Amino acid sequence: MAGPIQIGCLNSAPHDDNITDHVLHFFGCLEFSDRASFFESIKSEEERETVKRDCEQRLRHVHFLRFQLTQDPDSEHLVNNIRQSSYVWRNSDDYQSNINKVREWRLKEGKRSAPEPDIDFNFDDGRYERYNVRKDVSVQILQFKGGIPRDLPDPRVVGHFPNQTTTIERLLPGDESQDPDSGLLLKDPDLETIKYFHIPSNNMEWAQDAIARYFGESLPGNPRTQQGADSATAHILRESHWRSRFDEEDLKPTSRFMRPFCDSVSTSSAWESVPKNVVLFMPYLHWETSRQLGHFARKIDDMASSQREHIYEQESNERKQRIQARESLTRRRRRWSFDFSRYRPPMGNPKRILTMHGLLEELGMRFENPYGLEIDDNGRVKIRNPLGQYLIDAARLFEGMVNYRDKKLLESSLFTDAPLHPRRTLDQGYYNTLSSARGKGRSQVVYRATTPDPLSYHRYNSRLREWENHENIIPELGSCRQCLDNIRKVSRVVMVDQLWMWILDEKVVITCFPDRYGKTGHDPSGVSESVRTRLNQGHTVGTVFEIALAILNETTEAIFDRTKNSAGQPKVLDAFSNAIMKVRQKQTIDFERLWHWINIARRINRRQAAPDLPNWDLRAEGEIEIEIQDIVEELEIILSIYKSQLEVITRFVRQVSEILEPDKISRTHKKLAQADIFKSGGANLLLKVNERIDYLEKLLRSALDAASTVKDLSQLRQQQDSIIQAWQSVRLSSEAIDQSKTIMVFTIVTIIFAPLSFMSSIFGMNAAEFADNQITLRQQFTYIFPVSLAVFLVALVATSSRARAVILLPWRWVMSFYRFRYRYRF
């Protein structure tokens, strides 16, 4: 039974008492006329100023991104389209004839008249500089002093704990002329201060640059030769702890990942019994909407294809240069030579065709939209209604703006020496040899659970002017519950992300893991926000290892935390449980159908009557088998990821315990307390992971039992089919026996009368021996037998491939001999 409807932001119903994100509420829920009074409704002056500053900053950022889209050749059409559709809508007959009625209705309802929005699309007045993705990526910063949260007092940092942020450009400035001793990451001499920096991207270049700036050093010229450099950065980023953990298939960005790993590492060549630094790489599960995944998967595939073309072009040019250089060499003449050039593969563009649309483009054919919609070259759907076109263009512009940062990040960092690792789907996280970034997202259990069934939508009957089956109306919303649930469903998929974490000198934690695509603000389901919420619960944080435990806790339960459902996070465990339950229900129905027909066949067999064969559709069994196999496969992948997490966390807890308890002599009361707190937190974390593994194994056993039942159903169906086929064979064989007896009678009659017919035909011919005729019997046989033989041979060649092969064999031998002589000229 469906629970109560939770009314929140982006809902037309009143929800002033349930505002989770003030910026989202300001831009997405309020009318223009109510925006000014919204700030007055906030009682706390500090909160009011914070919300006002955030809204103004978001508005400036919107204008900035809109300007950048106009300067981008690949995205300027989004702004041009919204400008055009806005003009068409405001000058349409519907708008001109009804705008006054809307204003009168607002006055009647007591609502203030909203002024005409001043939308200016031509604001290229030099206010904005060229887009730099490093200035648009925010880095989260947390600082604790003596275990108490403290703000980091620096003009390069904005906000207050736990929401202090800076940018990549300020954290890792590209200007080498800046003072290296004034960096935000530079080691703090205060022993009571611990910090946490989170970079929201698996960008290897940013990660190694951050570590180098912490130690106040510069990276060696070639990162692959760092093992010989005697610096703290080189020791942390040594080959065994950095580059050798990196795995990638040939030009497949989605195959990139750091193999699970955890180890303590020293920052000097001197021997240390217990190094104070920890390096950790661990996969974890998160989620993404199917539309966003498809958008960035196409972008990654296009970039990979362009990179392959670029590499192939370089190799082709180098090959041509080598060929030209060899032409000047003297060659020894041979009596005859074989020309290999005709078998050389043609030089061309190695473009991979990944979709049917790409195949049609390669063949020069036009893509016919199956829904009859007109779509331009930029993917814009064209419709006749001006308001509908305006809304579609507004949605496309919004999508282009929120994805602009991640799009530019891919363009700048996807193919570098220290590349960016894009997010991967569940199957890409396990099968890293997949050639496309699209993966099998739409076959996931979570995708099927979060995607509404098209048949469940209520249809509007234009003849009766009413909605069909529109019965379950919610009084407070005035809407149908089923329609409301279908509209709210957003197709989502499970992703495999990576956690990179460095703990340096027991003072700083640096992490790299991605946010969801297009998410730059408030995201309750995000791991980074969950970590900040956990660390802002009022308790003291004595060591950086407690921060690390909080991070590991949130990453291990990121996809399974039921309290984050309001943020759109899918209920993964419920989706798998419901999927297994539906498979079992389908099996029960199929078993009932099978046994019902078996009983009918048994009664028919007793009467020895001819049964009507059942109309069995094997697609149902095939769909059940595919569905249960997908469930089993995904559960095995998730289980393997959690087992990797268990290995990494177990090693992490053991190594940190050694750091906090190096020996009995140096242990103080404070050290013992910190070690006990960490051991308790580590034990709880390991217990949670083991419980999650046990639950997943239980689900897997249930799915395997369902799969075994599906196989039993298939075997029973095959056995029943075999019985039916055997019964049909017996019936057909009896009919064949009857027919053979009839043919035998005709054969006997033919044997008796065939010689008589032959003799009567001979004596009935008008030959000279039997009548007055000039043609003799010998002459007639001369014509009859050759003509009959010729007709027989023609029929034999026409109907027998073996006869044709035997006849044409000498001709093929002759032709192959002359072709060989012509080719080698001897």
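Okay, housekeeping. The model is predicted, so to speak of local features we need pLDDT of at least 70, and side-chain atom pairs count only at pLDDT 80 or more, while totals for chains, interfaces and linings use all residues. Numbering starts from 1 along each chain as its sequence is written, and side-chain values use heavy atoms, with hydrogens and water left out.

Let's start with strand E8, residues 277-289. Strands here are DSSP runs of E, at least two residues, and helices are runs of H or I, at least four residues, numbered from the N terminus. How many of the residues of E8 are buried? It's 13 of 13, where buried means under 20% relative accessible area, exposed over 50%, and partly exposed in between, with a 1.4 Å probe and protein chains only. In a regular strand, side chains alternate between the two faces of the sheet. For E8, both faces are covered: one side includes Phe 281 and Trp 287, and the other includes Met 282 and His 286.

Now the neighbours; strands pair if DSSP finds at least two bridges between them. E7, residues 261-265, runs antiparallel to E8 with five bridges, and Cys 262 sits opposite Leu 280. E16, residues 492-504, is also antiparallel to E8, over 12 bridges, with Asp 497 as the bridge partner of Tyr 284.

On to salt bridges, meaning a side-chain nitrogen of Lys or Arg within 4 Å of a carboxyl oxygen of Asp or Glu. The whole structure has 26 of them. One joins Glu 506 and Lys 276 at 3.9 Å, N to O. Glu 506 is in the loop between E16 and E17, and Lys 276 is in the loop between E7 and E8, so this pair ties together parts 230 residues apart in sequence. Lys 276 is partly exposed, at 26%.

Another is Arg 534 with Glu 554, at 2.7 Å. That one links helix H15 to helix H16.

Last stop, the surface. Met 744, Val 745, Ile 748, Val 749, Ile 752, Phe 753 and Leu 756 make a nonpolar patch with about 670 Å² of accessible area together. Patch residues have over 30% relative accessible area and no salt bridge, with nonpolar side chains joined within 5 Å and like charges within 9 Å. Met 744 belongs to helix H19, residues 669-763, and is partly exposed at 49%.

Key
Accessible areas come from the Shrake-Rupley method with a 1.4 Å probe; for residues, only the protein chains shown count as cover.
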